Amino acid sequence: ALKESSQGLDQKLACRPRALSAPYAAMARLASARARNLLKLVVERIKEATHADAAAIRILDQETKCFSYPAHVGFSPEFIAATRIFQDGSAIALAFATGEPVIVADIADDCRMKFRRQLEAGFKSCAFLPLRISGEFRGVIHLASREKGCFSQAKTEHLMAIARQMGIALENRELFEQSQQRAREEAALSAVAMEVSQSLNLET
């Protein structure tokens with residue numbers, strides 16, 4: 001009887017994490033969706049504030065050397081797909097190497113612009129603003145305009161102030177997601193511990 005009771009308890013404990021995983025996964029997806037929507041709203045505001053035609057947050061994965069786009073507006077899906085790979089010698093690579101913004105008033109006439117995807121997409125000026133997150137350069141804010149001269153060195157400080165604020169926002173988002181993950185793990189452990197306690201009480 002004691003063996004059967006032990007087996008029953010083991011089965012309950014094995015099932016409990018699976019039962020708990022669904023609601024916690026749903027909450028995680030909801031929090032993630034809210035974060036994405038908020039980031040998209042912020043990017044739209046940046047686009048408006050800088051008079052750009054397109055704006056994006058591009059985060060670099062140092063292992064795969066590929067960019068993710070947590071939020072973007074104004075760039076076509078084809079452009080996003082074609083610009084995911086980090087390319088040495090590109091203007092973005094220069095921004096990463098120096099930690100300084102790369103501001104291009106005329107894409108067609110700037111020697112730093114070795115790749116022509118933006119021109120092919122109809123953009124004539126652009127800016128890459130380094131994003132520092134938790135003390136490290138992790139990505140860029142990419143702005144693009146269909147007009148020449150939309151971005152200039154005279155606007156550097158204004159543009160970098162925007163990048164600094166975005167870096168802080170992304171850092172806070174990471175900290176929030178980490179705290180949410182810890183809270184979910186602690187809640188799951190507490191629920192399992194409570195189930196164990198209740199099962200032991202029932203068996204005694």
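**Entry 1: just past a helix**

I began with Gly99, which sits just after α3 and takes a positive phi of about 75 degrees. Helices here are DSSP runs of H or I with at least four residues, strands are runs of E with at least two, and both are numbered from the N terminus. I am working with a predicted model, where local features need pLDDT of at least 70, side-chain atom pairs count only at pLDDT 80 or more, and totals for chains, interfaces and linings use all residues. Residues are numbered from 1 along each chain as its sequence is written, and side-chain values use heavy atoms, with hydrogens and water left out.

**Entry 2: α3 itself**

Which residues of α3 are buried? I found Ala91, Ile92, Ala93, Ala95 and Phe96. Buried means under 20% relative accessible area, exposed means over 50%, and partly exposed is in between (1.4 Å probe, protein chains only). What covers these buried residues includes β1, β2, β3, β4 and β5, where contact means heavy atoms within 4.5 Å. I also noted that α3 lies across those five strands and runs at about 140 degrees to β5. For such angles, axes are lines fitted to C-alpha atoms, for helices over the stretch in contact, and the angles run from 0 to 180 degrees between N-to-C directions.

**Entry 3: the sheet**

Next I looked up the strand order. Five strands form an open sheet, β2-β1-β5-β4-β3, with antiparallel pairing. Two strands pair if DSSP finds at least two bridges between them. A reminder to myself: strands of a sheet pair through backbone hydrogen bonds, either parallel or antiparallel.

**Entry 4: β4 and its partners**

I then followed β4 (residues 125-133) to β5 (residues 136-145): nine bridges join these antiparallel strands. Leu131 has Gly139 of β5 as its bridge partner, and Cys126 has Ala144. Three bridges join β3 to β4, again antiparallel, and Val102 is partnered with Phe128 of β4. How many of the nine residues of β4 are buried? I counted eight, so this strand is mostly covered. In the hairpin of β4 and β5, with two residues between the strands, Ser134 takes a positive phi near 55 degrees.

His51 is not a glycine, yet it has a positive phi of about 60 degrees. I found His51 in the loop between α1 (2-50) and β1 (54-61). Is His51 buried or exposed? It counts as exposed because its relative accessibility is 59%. Lys65, also not a glycine, has a positive phi of about 60 degrees and lies in the loop between β1 and β2 (66-73). At 35% relative accessible area, Lys65 is partly exposed.

**Entry 5: a cavity**

Last, I searched the whole structure and noted one cavity of 30 Å³ or more. A cavity is a set of points, on a 1 Å grid over the protein atoms alone, where a 1.4 Å probe fits but cannot get out; lining residues have an atom within 4 Å of a point. The largest cavity has a volume of about 250 Å³, the space filled by probe spheres set on the points, which are joined across faces, edges and corners. Of its 19 lining residues, Arg58, Gln87, Ser90, Ile92 and Phe115 are closest to the centre. The elements giving two or more residues to this lining are α2 (77-82), α3 (91-98) and α4 (117-120).

Methods
1 Å grid on protein atoms, 1.4 Å probe; cavity = no way out; pocket = protein on both sides within 12 Å on 5 of 7 lines; lining within 4 Å.
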